[in-house]
Amino acid sequence: DTIYTERYMRTPAQNPDGYAATELISRAGQIEASPLLIHGLADTNVHLQNTVNFVEALEANDKLFDFIPLPNLSHSFHGDGLVAALSASVNYLTRCLGEEQAPAGSVAAALDPLPSWNPGPTKNTVLQFVADVTDPAGPSYVAPVDRIAVFDNDGTLWTEKPVVPQAAFIFQRIAELAPEHPEWQTTPPYQAVLEQDVAALQNLSAEDVEKLLFATSAGMSEAEFEAAAQAFLATAEHPRFGAHYPATVYQPMLELLALLRANGFKTFVVSGGGVEFIRAYSEDIYGIPRDDVVGSSLAYDFQQTAAGYTLMRQPAIDDVDLNELKPVNIQRHIGRRPILAAGNSDGDIEMLQYTGGDAGPFLNLVIVHDDAEREYAYTTGADDLMSAAAQSPWLFVSMARDFKTVFPAGAGIGR
């Protein structure tokens, strides 16, 4: 690389000792490990002849090596070339480390931004999309300010079975408040919660849900509600996995969020769940700031209390962030059309349609729950989404096929 070499080391005539100290060709016989060489064959900055000279020196000294030539790629790898380079690097380092799978935090894992995703077309499509929209020289380049990614929450970022975590929180609140309301023992829908009547709970009407929601959180200040939600998340355990609910987050999706942010994306939660409930954990679990959460909400009343001014939750629904209201609320709260969206239920269809409704590049991910052994297998509430996705260029993400691991290491859940 004459440009940068001569900029920092001057010419060989001006700095003979520096060049002698860093020159590799004469030292090829001293190399103990088998090196990996990756070179874009169209690179006009780091010249191929330098790599060829080093290869000849390795061969002359009977040294084993791996060489990955990347046709038509220049100094900046992107698309299939980036995937090939990352894959070769991970395989090489994994082999050198003598491990079947590189541990989290290792060099090999760092080179693969999605280590919990199985190799294959789905992972490759995600990586190529990110590479394409971040390549300033490519036709699909998107400026950082427009790199918006939106994610549904329940069933997309963490488990939603047997009930969504916010429902479990509401049920626990009913049990805690029941001594103050003896009439609940014989009054639907509270009776179904207290008796843990699964059949009845699965058939709750919208009116029933509102009754439970109002009974458990209306009249609380915003701070009181958040404190109660955080206490629930810190203590309540998932009925199947026996771990606290934050441990049921999907590790592959955490990696995707991190990959996007590392490439200039701004990531948002856009959920039908309660916005205040999600804000209680979004920063700690997803790395998504609370002001980047869009969701459903109760009405608030501005009040003066002995402690000062506050907002009190009211027994009225202000917004339900589902279906066509998802793109409406994206416009209201974000003000930019996303280029990546992920969802798993019929309530996400319009959000994905909006994301793919412009002429620019986009990627829609449809999370498919088809792994009963490691998580759950179901399509209930997603039949229309599956039909729409089958007729669209949306990407199915199968948990069974595409997730190497489902939950984070150390979560205490079979991965």
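Mentor: Let us begin with Phe 403, which counts as buried because its relative accessibility is 1%; buried means under 20% relative accessible area, exposed over 50%, and partly exposed in between, with a 1.4 Å probe and protein chains only. The model is predicted, so local features need pLDDT of at least 70 and side-chain atom pairs count only at pLDDT 80 or more, while totals for chains, interfaces and linings use all residues. Residues are numbered from 1 along each chain as its sequence is written, and side-chain values use heavy atoms, with hydrogens and water left out.

Trp 117 is likewise buried, at 0% relative accessibility. Rings of Phe, Tyr and Trp (its six-membered ring) pair if their centres lie within 6.5 Å; planes under 30 degrees apart are stacked, over 60 edge-to-face, and the rest tilted. This rule gives 14 aromatic pairs. One of them joins Trp 117 to Phe 403 in an edge-to-face arrangement, with 5.4 Å from centre to centre and 70 degrees between the planes. The two partners lie 286 residues apart and so link distant parts of the chain: Trp 117 is in the loop between helix H5 (107–111) and helix H6 (121–133), and Phe 403 is in the segment after helix H18 (399–402). Here helices (H or I, at least four residues) and strands (E, at least two) are DSSP runs, numbered from the N terminus.

Trp 184 and Tyr 190 form a stacked pair, 4.7 Å centre to centre and with 10 degrees between the planes. Trp 184 is buried, having a relative accessible area of 4%, and Tyr 190 is buried as well, at 12%. A cis peptide bond runs from Pro 188 to Pro 189, with omega near 0 degrees. Pro 189 belongs to the loop between H7 and helix H8 (190–194). Another cis bond, from Lys 161 to Pro 162, also has omega near 0 degrees, and Pro 162 sits in the loop between strand E3 (148–151) and H7. Most peptide bonds are trans.

A further group of rings forms one aromatic cluster: Trp 158, Phe 169, Phe 225, Phe 232, Tyr 245, Phe 277, Tyr 281 and Tyr 286. Three of its members, Phe 169, Phe 225 and Phe 232, also take part in the contact of two helices. H7 and helix H11 (residues 222–235) pack at about 105 degrees, with their axes 10 Å apart; axes are lines fitted to C-alpha atoms, for helices over the stretch in contact, and angles run from 0 to 180 degrees between N-to-C directions. H7 and H11 are therefore roughly perpendicular, since angles of 65 to 115 degrees count as such, under 35 as roughly parallel, over 145 as roughly antiparallel and the rest as oblique. On the H7 side, Pro 165, Ala 168, Phe 169 and Gln 172 meet Phe 225, Ala 228, Ala 229 and Phe 232 of H11, where contact means heavy atoms within 4.5 Å. By class, this contact has seven nonpolar, one polar and no charged residues; Ala, Val, Leu, Ile, Met, Phe, Trp, Tyr, Cys and Pro count as nonpolar, Asp, Glu, Lys and Arg as charged, and the others, Gly among them, as polar.

H7 meets another helix too. The axes of H7 (residues 165–177) and helix H10 (residues 206–217) come within 9 Å and cross at roughly 60 degrees, which means that H7 is oblique to H10. In this contact, Ile 170, Phe 171, Arg 173, Ile 174 and Leu 177 of H7 meet Leu 212, Leu 213, Ala 215 and Thr 216 of H10. The residues divide into seven nonpolar, one polar and one charged.

The wider setting can be stated briefly. The protein chain has 18 helices and nine strands, and its C-alpha atoms fill a box of roughly 90 × 50 × 40 Å along the principal axes. Of its 415 residues, 46% are buried. Among contacts between residues at least 6 apart in sequence, 64% join residues at least 24 apart.

Gln 196 lies in the loop between H8 and helix H9 (198–202) and has a positive phi of about 50 degrees, although it is not a glycine.
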